[in-house]
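Dear colleague,

I am passing on the structure below, together with an account of what turned up when I went through it. Please read the notes with the coordinates open beside you.

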Amino acid sequence: MIDINKTLNDFISYITVEKGLSKNTVLAYKSDLNKFFEFCKKKRFDIGKMQHNDITEFLWEIKTEGLKPRSIYRMMESLRQFYKFLNIEDLAKSNPTAYLAAPKIPEDLPGMLSFDEVELLLNSIDSSDEMNIRNRAMLELLYATGLRVSELINLRFSNINIEETFLKVLGKGSKERLIPFGSKAGDFLNIYLKKRKPAAGVEDHVFISRLGKKLSRVEFWRQLKNIAKNAGIRKNITPHTLRHSFASHLLSGGADIRFVQEMLGHSSISTTQIYTHLDNNKLKQQHKKYHPRG
């Protein structure tokens, strides 16, 4: 019988160290597996001897509980990785996840802003104090680079080459990438750095809170919501909205999709291609509106 706690800890070490998965992904896998373990305990199933039908029974149960297709898909991926690990460690003789059919997931096109809306958002920030200057610099940088919010708030001085206007980012899976950020974002970054007060304990972090502490994702999101509201933008804006806008505006301007993929840090170009769908939808709308037989 498998020692669940020990096996789970070993699996977490495996996907963290050997697979290099991000902290959020690791936490998601751990949450999924704990739900799976509860099911096995209730059914008195031996995890090391699970069959294909046992796994499908579990998936059917969580589906009837109202779990969305995207969450079920992630659960399946968590189980696949877990049983791959069990096979490597010789803790399971077979892989009951080998022939699972993935649920059909509706393709969600990301929310984004038009170029005019981005301009409105950025120009609405009153640069009268250090925090507003910081917010402007952060949003300019977010739109100029397409950084993930976690990458932005964890940005360190050692990651920035201001003279060459390049950032060095360690993204998902510990993959390093270089991203140019242009003169506009560079100007606002320089203004902020001249105003930035010294901070004990987070000296190397570029963006800090009013109290001189490391800035949290929640605080930055709250600031962005207030800025959007004051700008009169009614869309549901998150930090990811500017990342989506960055990608879509580059592609619609004629940028090579592989360069955009590299800057976003996508491991697969198929992930980046969702932004080309945005342009295709726009083309269809324009055709329908202006073509005599549209």
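Asn161 has Phe166 as its bridge partner in strand β2, and the bridge partner of Ile160 in that strand is Leu167. Please bear in mind throughout that this is a predicted model. These residues belong to the pairing of β1 (residues 160-161) with β2, which is antiparallel and runs over two bridges. The two strands form a hairpin with four residues between them, and in the turn Thr165 has a positive phi of about 50 degrees.

On its other pairing, β2 is joined to β3 (residues 176-180), again in the antiparallel sense, over five bridges; here Phe166 has Pro180 as its bridge partner in β3. Taken together, the three strands form an open sheet in the order β1-β2-β3, with antiparallel pairing, and the edge strands are β1 and β3, each of which pairs on one side only.

Turning to the helices, I would start with two pairs. Two packed helices are described by the angle between their axes and the distance between the axes. For α6 (residues 130-145) and α8 (residues 182-195), the packing angle is about 150 degrees and the axes lie 8 Å apart. Because angles over 145 degrees count as roughly antiparallel, α6 is roughly antiparallel to α8. The crossing in which α6 passes α8 is left-handed. On the α6 side the contact is made by Glu130, Ile133, Arg134, Arg136, Ala137, Glu140, Leu141 and Ala144, and these meet Lys184, Ala185, Phe188, Leu189, Ile191, Tyr192 and Lys195 in α8. By class, the residues of this contact divide into nine nonpolar and six charged, with no polar ones.

The second pair is α1 with α4 (residues 69-88), which pack at an angle of about 100 degrees with their axes 11 Å apart; α1 and α4 are therefore roughly perpendicular to each other. From α1, the residues Thr7, Asp10, Phe11 and Tyr14 meet Ser78, Gln81, Phe82, Lys84, Phe85, Leu86 and Ile88 in α4. The residues of this contact divide into six nonpolar, three polar and two charged.

Within that second contact I looked at one residue in particular. Where does Thr7 lie? Thr7 lies in helix α1, which spans residues 4-18. Thr7 has a relative accessible area of 7%, and it counts as buried because the cut-off is under 20%. Leaving aside residues up to four places away in sequence, Thr7 touches Ile2, Phe82, Phe85, Leu86 and Leu91, and of these Phe82, Phe85 and Leu86 are among the α4 residues that take part in the contact with α1.

For the protein as a whole, the secondary structure comes to 13 helices and three strands, and 42% of its 294 residues count as buried. Among contacts between residues at least 6 apart in sequence, 59% join residues that are at least 24 apart.

With kind regards

Key
Residues are numbered from 1 along each chain as its sequence is written. This is a predicted model: local features need pLDDT of at least 70, side-chain atom pairs count only at pLDDT 80 or more; totals for chains, interfaces and linings use all residues. Side-chain values use heavy atoms; hydrogens and water are left out. Axes are lines fitted to C-alpha atoms, for helices over the stretch in contact, and angles run from 0 to 180 degrees between N-to-C directions. Angles under 35 degrees count as roughly parallel, over 145 as roughly antiparallel, 65 to 115 as roughly perpendicular and the rest as oblique. A crossing is left-handed if the near helix is turned anticlockwise from the far one by less than a right angle, and right-handed if clockwise. Contact means heavy atoms within 4.5 Å. Ala, Val, Leu, Ile, Met, Phe, Trp, Tyr, Cys and Pro count as nonpolar, Asp, Glu, Lys and Arg as charged, and the others, Gly among them, as polar. Buried means under 20% relative accessible area, exposed over 50%, partly exposed in between (1.4 Å probe, protein chains only). Two strands pair if DSSP finds at least two bridges between them.
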